[in-house]
Amino acid sequence: MTRSPRRGALVSALALLGVSASARAQGPVAASPVAPGAPPPGVAAPAAPAPLPAAVKITITAAPVQKRVLVFWGKRRLGLIAPHQPLVLQRPRDSGPLDLVIQCEGFVPVQTRAYTFGDKKLIVKLTPLDQKNTLLGYREEVPPPAPPPTGGDGGVPAPPPPAAPPPGVPAPGAPPPGVAAPPPGVPAPPPGVAAPPAVRSPQPAAGPDAGAR
């Protein structure tokens with residue numbers, strides 16, 4: 001028994017309605033979970049970045065240009081900056097900072113620091129010695145201390161000599177006017193005490209012929 005086209009279309013429509021009703025009864029279809037940080041479906045993941053070089057370059061130049069500029073790392077000499085030829089240093093990446101000292105005759109030494117995070121260029125400004133007072137934080141040099149005075153004790157200067165007494169006033173320790181000075185070896189009497197009378201030496205006795213001619 002053959003089916004008519006109308007009957008076949010009706011059967012197909014009923015089948016579609018049954019599938020739609022079944023899908024509604026089951027609910028919406030859950031989407032597949034996406035990992036955090038992953039690109040959405042249909043988008044290509046970005047390419048991984050290229051690894052960084054293991055060494056970095058530090059290029060050092062000086063201004064104004066001089067004939068001989070030396071670069072030191074502590075006591076170690078790293079190289080020379082020539083006119084129009086900078087000094088290029090290669091250091092391992094992230095190996096720590098370099099505390100450099102740049103020296104040139106007739107100029108103030110310069111202390112600077114270079115980091116090794118990546119390639120770096122340093123331009124060092126040189127200041128002549130006669131213009132060092134223009135630098136920030138410059139301080140005048142303290143003159144050397146004066147030598148200690150000669151004489152005295154322990155660096156203390158000797159006291160000045162006593163002034164001479166006025167005319168008519170005896171000097172300290174001298175006998176008053178009209179009193180003979182004591183002989184050598186005899187101490188002078190204290191002030192307010194009269195000096196003892198002078199002792200005369202005995203005279204030899206006169207002989208019987210004394211006064212005879």
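1. Let me start with Ile58, which is found in strand S1; strands here are DSSP runs of E with at least two residues, helices are runs of H or I with at least four residues, and both are numbered from the N terminus. At 0% relative accessibility, Ile58 counts as buried (buried is under 20% relative accessible area, exposed is over 50%, and partly exposed lies in between, with a 1.4 Å probe and protein chains only). Leaving aside neighbours within four places in sequence, Ile58 is in contact with Leu87, Val88, Leu89, Arg91, Leu98, Ala114, Tyr115, Thr116, Lys120 and Leu122, where contact means heavy atoms within 4.5 Å. The C-alpha atoms of Ile58 and Ala114 are 7.5 Å apart, although 56 residues separate the two in sequence.

2. A word on provenance before going further. This is a predicted model, in which local features need pLDDT of at least 70 and side-chain atom pairs count only at pLDDT 80 or more, while totals for chains, interfaces and linings use all residues. Residues are numbered from 1 along each chain as its sequence is written, and side-chain values use heavy atoms, with hydrogens and water left out.

3. Now the overall picture. The chain has one helix and seven strands, in the sequence pattern α-β-β-β-β-β-β-β. Of its 213 residues, 12% count as buried. Among contacts with a separation of 6 or more, 49% join residues 24 or more positions apart.

4. S1 takes part in an open sheet of three strands, ordered S4-S1-S7, with mixed pairing; two strands pair if DSSP finds at least two bridges between them. S4 and S7 stand at the edges with a single partner strand each, so one side of each has no neighbour in the sheet. On average, neighbouring strands of this sheet are turned by 25 degrees against each other, direction ignored (axes are lines fitted to C-alpha atoms, for helices over the stretch in contact, and angles run from 0 to 180 degrees between N-to-C directions). S1 and S4 pair in the antiparallel sense over six bridges, and Pro92 in S4 is the bridge partner of Ala55.

5. S5 pairs with S2 in the antiparallel sense over four bridges, and Val101 in S5 stands opposite Phe72. With S6, S5 pairs in the antiparallel sense over five bridges; here Leu98 has Ala114 in S6 as its bridge partner. The hairpin of S5 and S6 has six residues between the strands, and Gly106 takes a positive phi near 90 degrees.

6. The largest nonpolar core has 18 residues, and Ile60, Ile102 and Leu126 have the most contacts inside it. Such a core is a set of buried Ala, Val, Leu, Ile, Met, Phe, Trp, Tyr and Cys residues joined through side-chain atoms within 4.5 Å. S1, S2, S4, S5, S6 and S7 each supply at least two residues of this core. Not counting residues up to four places away in sequence, Ile60 touches Val71, Ile81, Pro86, Leu87, Leu89, Leu100, Leu122 and Val124.

7. The loop between S6 and S7 contains Thr116, which counts as buried at 1% relative accessibility. A polar atom of the Thr116 side chain lies 3.0 Å from the backbone nitrogen of Ser95. Beyond four places in sequence, Thr116 touches Val56, Ile58, Arg91, Pro92, Arg93, Asp94, Ser95 and Gly96.

8. A search of the whole structure finds one aromatic pair. Tyr115 and Phe117 form this pair, stacked at 5.7 Å centre to centre with 10 degrees between the planes. Rings of Phe, Tyr and Trp (its six-membered ring) pair if their centres lie within 6.5 Å; planes under 30 degrees apart count as stacked, over 60 as edge-to-face and the rest as tilted. Tyr115 is partly exposed at 37% relative accessible area, whereas Phe117 is exposed at 62%.

9. Finally, a look at Gln66, found in the loop between S1 and S2. Gln66 counts as partly exposed at 23% relative accessibility. Its contacts, not counting residues up to four places away in sequence, are Ile81, Ala82, Pro83, Cys104, Phe107 and Leu126. The C-alpha atoms of Gln66 and Glu105 are separated by 9.5 Å, with the two residues 39 apart along the chain.

Conventions
Polar contact = N/O pair within 3.5 Å; in protein donor to acceptor, adjacent residues only side chain to side chain.
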